[in-house]
Amino acid sequence: MKKIYILLIMAGMVTLGGCKKFLDVNDNPNAPQVVEANLYLAPMLHWMVTSPTYDARFIGRYTQNWTITTTATTWDRQGYDPASDNAAQLFRDVYWSLGQNLVNMNSIAEKEQRWDLLGVGQILKAWGWLALTDVHGEIPIKQAFEGKTTFDYDTQEFAYQESFRLLDLAIANLKRTDGAVDNNYLAKTDIIYKGKTNMWIKFANGLKAMALNHFSNKTGLYKPDDVIAAVDASIGASDAEQPLLAYTGTANDDINFYAGVRDNLTNYRQTKFILGLMNGTQYPGLVDPRMSRMLSPSPDGQYRGLDIALGFGALTTAQLPNNFWGYPTLALSVRTPARYIFSTKSKLPLFTYSQLQFVKAEAAFKKGDKVTALDAYTKGVSAHFDFVNARNSDDGQVPTQISATEKATYMASALVIPTSPNDLTLTNIMLQKYIAQWGYGHLEQWMDLRRYHYKDLDAATGAQVFAGFTPPTNLYADNAGKFVYRIRPRYNSEYIWNREALDKIGGLTTDYHTKEMWITLP
């Protein structure tokens, strides 16, 4: 009926006298009818970094970065919220905030031979498919922007293939100097690298490295040498090379999503798992100097973490961990001093040099090259110390800088940095990578845990790879005792308008979120 109604209106418009003038009402001689291609770019780069922080409120509870102060909530128990768009920001932004805007930008850039802008656009497209498939599994790709009202889902294998294809095209386009390539034009709206195409090439290689490493369970498809080569072609450790989004600290959407004034993490607290990696529990007797610069103490000055899904438990008021800004209650002032990545103008990365070095370390380890693995692992630990200091310098944060002595003392411990490459373990690599990704690297961190099925054992040691990680015992009822491996697609688009296509992939079953994904299977 709606379509018939629209057709009747259009027919009536055609019968009006002077129809062309009526339809020309949207022609404005004082405003352009075609948007400059580069004007699309800045908002999309903003959402590329910011979207994961929205969904981190939920994914971070699967990975035990943090938990809610109330008890037995769905996400802490590896569940989901039925009939809700929670944890669907990435889904919304890939198909809408980027969506047709990205299609338009790439189309105009190609038509105008702006190969540098097109290359960045292709990276954005590849990032979107990778991020989305890593969270949801099967996703619509081929039909996504065909103007249809229902969309078939494509396999995760295809999503990875398409992403690699786009990254290779992007690198080739970013190397071009012909046509209308103009770094100054790109720089006007490139809020990450200010038009530096060499940095975008490194960025593309970083994405490729992480994606290639996700194949670690797939015999015949996992190629450690390709992972290592992609890392080596990617970014350095400086802030100039790491893809960081800076915030002005003025308008709401240009304030760090994690900042106290945004009120998005008010009831969140650090967990016992992350605390145990830093307070001398997993590294017996060795306190990590990053702990007091990243985590938040209780009012009595001691550092504590909460058990997942159990709230504050029996802790007294003085023992309750402060919020991530370092206070017992919400800090609403824009300029209230905070800590680490939780301040108003703290820069947030899409990924970091430290992350990539741990990716390289894992790939080299699996290849059997423990010398390269130990070297990359050591660089990863060192670089994260520097990253912590840099982020605590962004916005007048409270914690002091980690001194060179503190860093050297920690890294001199054989518990952290083995004296021999043969003593390096997967647990060393994955636990330090977990620390380095705490608070921002949620998508990669969840992929790490799922690749090792949360509780897989290291064949070399017989111990759990993620030592100390304990899934909740009171799993969400719909899980039927199984761990979570994917997030259900966005409710308001898929479960309302696209149910038939969703049903074809099993998406209507209540335990769909526990269905293991293709990328984590052998």
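Modeller: A cavity is a set of points, on a 1 Å grid over the protein atoms alone, where a 1.4 Å probe fits but cannot get out; its lining residues have an atom within 4 Å of a point. Bear in mind that this is a predicted model, where local features need pLDDT of at least 70 and side-chain atom pairs pLDDT 80 or more, while totals for chains, interfaces and linings use all residues. Numbering runs from 1 along each chain as its sequence is written, and side-chain values use heavy atoms, without hydrogens or water.

Colleague: OK, how much space lies in the largest cavity?

Modeller: Three cavities reach 30 Å³ or more. A volume here is the space filled by probe spheres set on grid points joined across faces, edges and corners. For the largest cavity that comes to about 310 Å³.

Colleague: Which residues are closest to its centre?

Modeller: The lining has 21 residues. They divide into 14 nonpolar (Ala, Val, Leu, Ile, Met, Phe, Trp, Tyr, Cys, Pro), two charged (Asp, Glu, Lys, Arg) and five polar (the others, Gly among them). Closest to the centre are Trp127, Met210, Leu350, Leu443 and Glu444.

Colleague: How many charged residues does the lining of the second largest cavity have?

Modeller: That cavity has a volume of about 60 Å³. Its lining is 13 residues, with Gly260, Trp325, Ser333, Thr336 and Ala338 nearest the centre. By class there are eight nonpolar and five polar residues, and the charged count is no residues at all.

Colleague: Switching to open sites, which elements give two or more residues to the lining of the largest pocket?

Modeller: A pocket is an open set of points with protein on both sides within 12 Å along at least five of seven lines. The largest pocket has a volume of about 340 Å³. Of its 14 lining residues, Phe91, Tyr95, Phe151, Ser493 and Glu494 are closest to the centre. The elements you want are H4 (89-111) and H17 (491-497).

Colleague: What about the second largest pocket: how many of its lining residues are charged?

Modeller: This one has a volume of about 280 Å³ and 15 lining residues, with Val103, Asn106, Lys125, Arg165 and Leu166 nearest its centre. H4, H5 and H6 each supply at least two of the lining residues. Alongside seven nonpolar and three polar ones, the charged residues number five.

Colleague: Why is helix H12 described as largely enclosed?

Modeller: Just after H12, glycine 368 takes a positive phi of about 100°. Buried means under 20% relative accessible area, exposed over 50%, partly exposed in between (1.4 Å probe, protein chains only). H12 is called enclosed because its buried residues number 13 of the 15.

Notes. Helices (H or I, at least four residues) and strands (E, at least two) are DSSP runs, numbered from the N terminus.
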